[in-house]
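Visitor: I'm new to this one and would like a tour. Could you show it to me and help me read it?

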Amino acid sequence: MERGKIKESLPTDLIREIFSRLPSKSVARFRTLSKRWASMLRSPDFTKLFLTRSSTRPRLLFAVERYGRNEWQFFSTPQNRYEKSAHLVFHSKFSGDVSKYSCSYASGLIYFPAVQIIDTNTILICNPITGMYVGLPEVMLYSRSKGFLGFDPIDKQFKALDNQSILTLGSGELKWRRKDRNDIDGPLYYRCQRTQGICINGVLYYLSRTCFEETLSLIVCFDVSSEEFKFIESECLDDHIEDPSGLSLVNYMGKLAVTKCNYVDAGGRRTVELCLWVLEDVEKQEWVKYVYTLPENEVLGSCEFSVAGVTARGDIVLCMKYTCKPYYVFYFNPEKKTLQSVEIQGFGAKLEEVEHRGEVYAFVDYVEDLSLNDAKQFKSSISHIKSRCYCCETLCPDNVGEEV
């Protein structure tokens with residue numbers, strides 16, 4: 001524009017549309033520039049628009065557990081099988097020793113059932129993008145939590161579940177409520193260690209086994225809204241229940257499914273066989289098993305990996321289990337029988353540098369949601385958490401910005 005002439009402002013709808021295509025951290029920064037923008041970018045209409053736009057560009061979310069330093073770091077990258085490479089974006093980190101029960105993910109939040117911070121066990125729910133968290137009270141005195149996080153998409157409500165104890169997030173006072181065991185119609189069971197639950201359409205599923213003399217596999221179903229329990233027999237998994245670490249619960253096109261990968265030697269070549277059990281009918285408890293032999297891939301056939309999940313388009317995503325350089329994510333399409341590898345750039349340790357590796361937990365179809373970023377119950381920055389370093393009996397420093 002020429003100097004001295006009145007500059008016309010951009011239409012509000014255009015400004016909203018531009019901001020809706022930015023990362024959530026950029027939106028947070030622009031909110032601080034003026035009262036007008038702060039009001040517009042915090043409005044319910046813009047929050048809804050941002051979620052709509054964000055849903056069209058899902059991301060892979062990575063939670064990385066650093067060995068030897070009791071540290072967790074959170075990253076994300078575009079979820080695109082058609083690109084040969086993608087760059088990591090660092091979001092946040094914290095220091096704390098997590099128990100043998102793994103983290104749980106639900107609709108953008110991560111739940112840590114027991115984090116050893118200095119000399120105290122704490123239950124944490126964190127937003128990995130903003131680094132904000134909330135600590136939960138103990139479920140039972142002198143007892144470690146073994147819980148999960150679930151989300152009700154109708155009432156937009158998160159709930160934590162630990163055995164029969166339930167806590168509603170954002171309901172004022174954070175307090176556990178215990179459901180009477182007599183009100184639960186089902187067998188006695190206990191949760192399998194190092195297995196993750198999954199929440200699908202408001203129902204939280206997790207793998208357990210019965211307390212009978214003959215150990216049987218069992219899927220526990222918890223309706224987040226009604227807080228009712230159901231149980232699904234899974235005889236197809238009985239042969240794997242003694243070592244369930246290789247089993248992954250996934251959302252397969254809106255249905256619960258379980259995956260397991262095996263290495264198969266075929267004519268001197270090492271190939272990967274992927275078993276997929278899909279719960280086709282919940283009421284009849286009917287499982288259908290599919291077995292796929294993945295196309296030959298030199299990297300996939302020589303590394304440890306895990307199933308991260310299934311994308312909304314039906315691609316099964318496999319991720320290398322430990323950070324290394326180069327690091328790959330694999331997209332397998334069951335219908336077309338195709339396998340696409342994508343190099344993820346940003347994980348720093350070389351393949352042979354075991355002491356610098358971190359274990360990777362990956363989650364598919366992550367979508368940024370401003371309503372989570374603005375949640376009032378998340379008041380503290382997770383980066384301020386420090387754990388005690390038992391090798392030198394000091395508090396570990398906050399090493400922000402280091403590579404994994």
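Visitor: What pLDDT does the protein chain average?

Guide: This is a predicted model, in which local features need pLDDT of at least 70 and side-chain atom pairs count only at pLDDT 80 or more, while totals for chains, interfaces and linings use all residues. Residues are numbered from 1 along each chain as its sequence is written, and side-chain values use heavy atoms, with hydrogens and water left out. The score itself, pLDDT, is the predictor's confidence in each residue, from 0 to 100. Here the protein chain averages 80, and 77% of the residues score at least 70. Over residues 350-354 the pLDDT is below 50, and that stretch has five contacts beyond near neighbours in sequence; a contact means heavy atoms within 4.5 Å. Residues 387-404 also stay under 50, with 44 contacts beyond four places in sequence.

Visitor: How many helices and strands does the protein chain have?

Guide: Helices (H or I, at least four residues) and strands (E, at least two) are DSSP runs, numbered from the N terminus. The protein chain comes to five helices and 30 strands. Among its contacts between residues at least 6 apart in sequence, 53% join residues at least 24 apart.

Visitor: Which strands make up the open sheet of five, and in what order?

Guide: Strands of a sheet pair through backbone hydrogen bonds, either parallel or antiparallel. Two strands count as paired if DSSP finds at least two bridges between them. In this open sheet the order is β3-β26-β25-β24-β23, with mixed pairing. Its edge strands are β3 (85-87) and β23 (305-310), each pairing on one side only.

Visitor: How do β23 and β24 pair?

Guide: They pair in the antiparallel sense over five bridges, with β24 covering residues 316-320. Gly309 stands opposite Val317 in β24.

Visitor: Which residues touch the most other members of the largest nonpolar core?

Guide: In soluble globular proteins, nonpolar side chains tend to be buried together. A nonpolar core is a set of buried Ala, Val, Leu, Ile, Met, Phe, Trp, Tyr and Cys residues joined through side-chain atoms within 4.5 Å. The largest one has 40 residues, of which Phe62, Leu294, Leu318, Tyr327 and Val329 touch the most other members. Strands that each supply at least two residues include β1 (59-66), β21 (269-281) and β27 (358-366). β25 gives the most to this core, with six residues. Apart from it lies another core, of 18 residues, among them Ile125, Leu149, Trp176 and Ala375. As for Val329, its contacts beyond four places in sequence include Leu60, Phe62, Leu318 and Ile344.

Visitor: Which residues does the cis peptide bond join, and where is Pro326?

Guide: Most residues other than glycine have a negative phi, and most peptide bonds are trans. The cis bond joins Lys325 and Pro326, with omega about 5°, and Pro326 sits in the loop between β24 and β25.

Visitor: What phi does Lys156 have, and is Lys156 buried or exposed?

Guide: Lys156 has a positive phi of about 55° although it is not a glycine. Lys156 lies in the loop between β10 (148-152) and β11 (157-162) and counts as exposed, at 60% relative accessibility. Asn201 has a positive phi of about 50°, in the loop between β15 (198-200) and β16 (203-210). Asn201 is exposed too, with a relative accessible area of 65%.

Technical notes. Buried means under 20% relative accessible area, exposed over 50%, partly exposed in between (1.4 Å probe, protein chains only).
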